[in-house]
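User: I am new to this structure. Please take me through a few of its features by question and answer.

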Amino acid sequence: MSTTAAEAPVVLDDRGFFGHPRGLMICFATEMWERFSFYGMKYLLLLYLTKYHLFTDAEGLEVLGGYAALVYAMPVIGGLLADRYLGMRKSVILGGLLLVAGHLGMAVEGEQARMVGDSIQRDTQALQVFYASLALIVIGVGFLKPNISTIVGQLYSKDDPRRDSGFTIFYMGINLGSFTATLLCGYLGETYGWGYGFGAAGIGMLLGLATFIYGQRYLAGLAEPPENSNLGERTSLGLTREQGIYAGALLGVVVVWQMLQFHAAVGLLLNSLSLIVLGGLGWFIVTRCDAIERSRMIVLIILTISSVVFWALFEQSAASMTLFADRVMDREVFGMQLTASQFGALNPMFIFLFAPFFAWLWTVLGPRGLEPSTPVKFALGIAQAGLGFGALAFGAANPDQAGLVSGYWMVLAYLLHTCGELCLSPVGLSAVTKLAAPSVVGVMMGSWFLATAYSEFVAAQLAKLAALETSGGSVTDTTAALTSYGDLFGNLLWLGLGVGVLMLLLSPLLRRMMHGIH
């Protein structure tokens, strides 16, 4: 039997975790370790494929793009199943088990690929374990990611003044996990062996799952299945509804396992879903909305499409930016020699440093009527993502005497990208809830996540524009590599600035079309 927030005074009156419910501590730790496992392998993935299994840049980027796209698409389904049937607790545990299996499976390296004559000999069995492990992670994230956030929301009543600060603490756990994982797993993977980096990520997820199971008593039943879930009811297949969901999850693993090996399938799926959603929304706007709803919905669609541009630029971090750092960059910064994947830790580090400043800035500007509108914040975010690539393009055009680019240009790029993220990302989901017509808020939330998934796919396609010929996973012509990356980053600079300026020019019109929604 489920327990609603209103019926859970034990939780609502609990202040055992720095004035917050102790359940927040459990969610904080679980999400921290889940993000530790996710980011611990994310920045290693492309390097592993191109340097160990000797994939071409294009092949490695296809795998990365397909995997990342599916990771961001699956939480829509996982959240729906939890809301209607499983409840958050069972969904998180199921997702955690799949993630542990997937991350530990990633530690199976197999034999390193080698050139035999003009052909590459790869360990095909180890690669099948690799693809199956990625599939387990994709489905696992789908069940865990949306539901741990939902539990945090249920720990507080809607008017609890601690609610916003509770989510702030929770999101700090996300960044703490990504920061430590990128440094530790990146170092282990590139220094001692890929299996050590991936294995450390798996151990992190195991700790997260154990933490969540241990802390059930602090959730006071808030994460249980809804009363009308009928999980024990038999279906036409002879399985209970709960067993059917678990079987469906395993079937999903098999489907994703195959999709990750046939990259066109991911692109076809995303393109088809995008066209269907846009067509359906167009019909809804024309036939079911009044004038004000129609106007707001059009603004929301424009913001959602523009977010694809931002995230496609931002997500170069694990793609072209990581290869750039590995191949043509002097990676010594601030007296430390970093691995290529460790540069990914700059994003959570800058979030730690600058998120409080941005929160203070908007608070100060708001009462004075100077806080930028949502469209202007989107414009600023996209333009800063473009400017980050301007720093990298300038660095590529000005290497040192050894032909390498100073690592400080990468630091500046991450600083600009993170400031852009802090302008755009926090207001994105808020805009969905405020601008969507009441009857399609859930659909628009799903569309927002679909757009994020699509941006991951687009990011890989953009990075392929600088795909290089390699020998044994290394570039043979540094000058040609600098030219290729410089051209790509220059194009991304103008793409970001162009879309940012366009959004800025449109912002007065979009603000009027929002009809009072800030």
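Analyst: Asp14 lies in the loop between helix H1 (9-12) and H2; helices are DSSP runs of H or I with at least four residues, numbered from the N terminus. The model is predicted: local features need pLDDT of at least 70, side-chain atom pairs count only at pLDDT 80 or more, and totals for chains, interfaces and linings use all residues. Residues are numbered from 1 along each chain as its sequence is written, and side-chain values use heavy atoms, with hydrogens and water left out.

User: Is Asp14 buried or exposed?

Analyst: Buried means under 20% relative accessible area, exposed over 50%, and partly exposed in between (1.4 Å probe, protein chains only). Asp14 has 8% relative accessibility, so Asp14 counts as buried.

User: Are H2 and H3 roughly parallel or antiparallel to each other?

Analyst: The axes of H2 (residues 22-51) and H3 come within 6 Å and cross at roughly 160°. Axes are lines fitted to C-alpha atoms, for helices over the stretch in contact (heavy atoms within 4.5 Å), and angles run from 0 to 180 degrees between N-to-C directions. Angles under 35 degrees count as roughly parallel, over 145 as roughly antiparallel, 65 to 115 as roughly perpendicular and the rest as oblique. H2 and H3 are therefore roughly antiparallel.

Terms used:
Helix = DSSP H or I, 4+ residues; strand = E, 2+ residues; numbered from the N terminus.
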